[in-house]
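The stops below are given in the order in which they may be selected.

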Amino acid sequence: MNLTASAAWKALEAHRQSLSPAHLKDMFARDPGRVSSLSLAFDGMLLDFSKQRVEPATLNLLVALAREARLDEWTSRMFGGEKINASEGREVLHVALRRSSGPFPVGDLDVMPQVLATRQRMVAFADHLRSGQALGFTGQPIHTVVNIGIGGSDLGPKMVGYALRAMAHPVLAVHYVSNLDGAQLAPLLQTLDPRTTLFLVASKTFTTQETMLNAQTARDWLLANLGDPAAVAKHFAALTAKPERAVAFGIDEEAVFPLWDWVGGRFSLWSAVGLALMIAIGPQAFADLLAGAESMDEHFRTTPYERNLPVIVALLGIWNTNFLGASSNAVLPYNESLKFLPSFLQQLEMESNGKAVGRDGQPLACASNPIVWGELGNNGQHAFFQLLHQGGRLVPCDFIAAVRSDYPLAGHQEALLANCFAQSAALAFGKTADEARAELSRSLQGAALEELLPHKVFPGNQPSSTLLLSRLDPRNIGALIAMYEHKVFVQGVIWGLNSFDQWGVELGKAVANSILPAITDLELAKKLDASTQGLLAYSRRHLG
């Protein structure tokens with residue numbers, strides 16, 4: 001169906017026209033109680049979206065849009081194990097990975113036995129390492145783990161590992177390598193002891209170019225130092241859907257953990273892809289992470305849309321993108337430990353919903369996912385916030401902060417929160433010419449005042465939500481990630497696209513594989529476009 005022709009969409013367009021003259025400052029003046037009606041709490045989380053350019057009536061119309069898009073039906077289909085990833089003919093069952101019991105999704109498609117069995121193997125493997133009992137080829141305990149992956153096999157566990165580093169193992173060090181550029185792997189290898197290092201190779205196909213080249217380099221380094229090919233089995237493990245390829249690489253079959261086709265890479269943190277994370281924070285903390293995600297799953301599945309955290313977050317994004325015309329969304333975490341959250345959400349959202357073709361193969365009738373970008377908020381205040389305040393572009397923002405610090409220092413957390421709250425308020429309410437004039441008149445008069453005045457005016461009216469976590473613990477982080485996962489699903493349903501394929505990624509891989517041999521083969525290079533031929537010619541002259 002063409003959603004933009006629906007009654008719900010047309011009602012929202014009419015509502016936008018009636019609401020558009022209103023400024024957030026006026027909305028708060030008219031309704032001082034909007035904070036209570038435009039905020040939601042869930043376990044250890046609070047979402048305040050009162051600074052979004054919406055009213056309760058807006059939410060009612062957005063909920064009607066979700067119903068018109070048959071969100072309830074699509075949710076039941078996903079949780080019921082239907083192959084809603086139609087272009088790849090696959091179920092979408094990442095929610096199974098954090099369930100504590102089965103059967104799920106249904107009796108004749110119960111994936112829980114394999115999920116729970118793999119989880120138990122992960123626990124045993126992690127405990128063995130964390131206790132110091134895991135020995136390398138020369139009999140010395142493993143002290144360093146290097147996760148080699150890319151995309152979902154890197155961003156998820158790296159992001160959560162950094163977020164929860166306050167509870168990391170005191171001796172075991174966990175590193176992440178993803179980039180083909182030797183500038184990431186080479187300096188790391190210089191600091192490692194091959195006798196005490198374990199590599200985890202995370203690749204569903206075990207053919208991913210970046211991952212396998214890095215893995216082969218690590219293998220060569222290991223053998224150059226230890227000399228015996230048998231050492232590979234003691235210093236490598238694999239997370240893959242192709243165990244036979246891992247075994248051929250030299251990895252012990254007992255150190256190969258399964259991945260499944262019904263889990264997309266960007267949703268795979270909860271699977272064996274999270275093994276490096278489990279090693280870092282411990283099986284119990286990993287279980288708490290899963291429990292937080294599972295609780296958000298149940299909240300999403302059972303809570304009415306008006307009080308449903310992922311649904312409301314998704315609908316606010318629809319409103320900002322499709323009715324207010326925003327083309328980007330800034331993610332601004334204020335805790336240093338959430339440093340990698342913007343990068344993680346870039347993949348989760350843009351790889352899922354960055355599409356212009358619907359499930360039916362037809363062009364979408366409306367814009368889909370905005371550009372997701374961001375940085376630590378406190379750093380951003382001294383970088384790009386100038387544009388947010390006075391750049392004239394509509395940029396909705398997600399402010400995210402934990403109330404309690406995971407590394408408390410006297411006075412730091414209070415100042416951090418003050419900055420977070422101040423920026424969202426300043427973006428919302430701005431500063432009028434009259435307010436600026438009154439402020440300047442304390443030190444300036446006449447022409448000097450009027451000359452400076454335009455530079456001191458802040459339009460405000462920038463929409464934002466503030467998400468507060470009571471603390472950075474595994475359960476809250478699990479719920480936070482699951483909330484964003486379900487946000488992606490809801491928006492994909494409403495836009496009418498498949499959030500679970502990524503053909504654009506596949507195209508880039510295929511083109512790269514065709515160019516690689518042409519770097520040294522002049523005849524192959526002649527078959528490529530003129531620009532690529534020129535780039536290759538320059539590269540050949542300087543590769544040496």
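Where is Arg70 found? Select Arg70: the residue is in the loop between helix H4 (56-68) and H5. Helices (H or I, at least four residues) and strands (E, at least two) are DSSP runs, numbered from the N terminus. This is a predicted model, in which local features need pLDDT of at least 70 and side-chain atom pairs count only at pLDDT 80 or more, while totals for chains, interfaces and linings use all residues. Residues are numbered from 1 along each chain as its sequence is written, and side-chain values use heavy atoms, with hydrogens and water left out.

**Backbone: positive phi**

Although Arg70 is not a glycine, its phi is positive, at about 65°. Its relative accessibility is 35%, so Arg70 counts as partly exposed; the classes are buried under 20% relative accessible area, exposed over 50%, and partly exposed in between (1.4 Å probe, protein chains only).

Next, select Asn461, in the loop between helix H20 (446-452) and strand S13 (464-471). Asn461 is likewise not a glycine and has a positive phi of about 65°. With 12% relative accessibility, Asn461 counts as buried.

**Backbone: cis peptide bonds**

Move to Pro103, in the loop between helix H5 (71-79) and strand S3 (105-106). The peptide bond between Gly102 and Pro103 is cis, with omega about -5°. Then select Phe104 and Pro105, which are also joined by a cis peptide bond, with omega about 0°. Pro105 belongs to strand S3.

**The nonpolar cores**

A nonpolar core is a set of buried Ala, Val, Leu, Ile, Met, Phe, Trp, Tyr and Cys residues joined through side-chain atoms within 4.5 Å. The largest such core has 145 residues, of which Met45, Ile477 and Phe489 touch the most other members. Helix H21 (residues 474-495) gives the most to this core, with 13 residues. Apart from it lies another core of 15 residues, including Ala330, Cys397, Phe399 and Leu468.

Display the surroundings of Phe489, leaving out residues up to four places away in sequence: Phe489 is in contact (heavy atoms within 4.5 Å) with Leu71, Trp74, Thr75, Met78, Ile84, Phe300, Ser499 and Phe500.

**Last stop: Ile481**

Beyond its neighbours within four places in sequence, Ile481 is in contact with Met159, Val160, Leu269, Trp270 and Phe344. Finally, check one distance: the C-alpha atoms of Ile481 and Val160 are separated by 9.4 Å, although the two residues are 321 residues apart along the chain.
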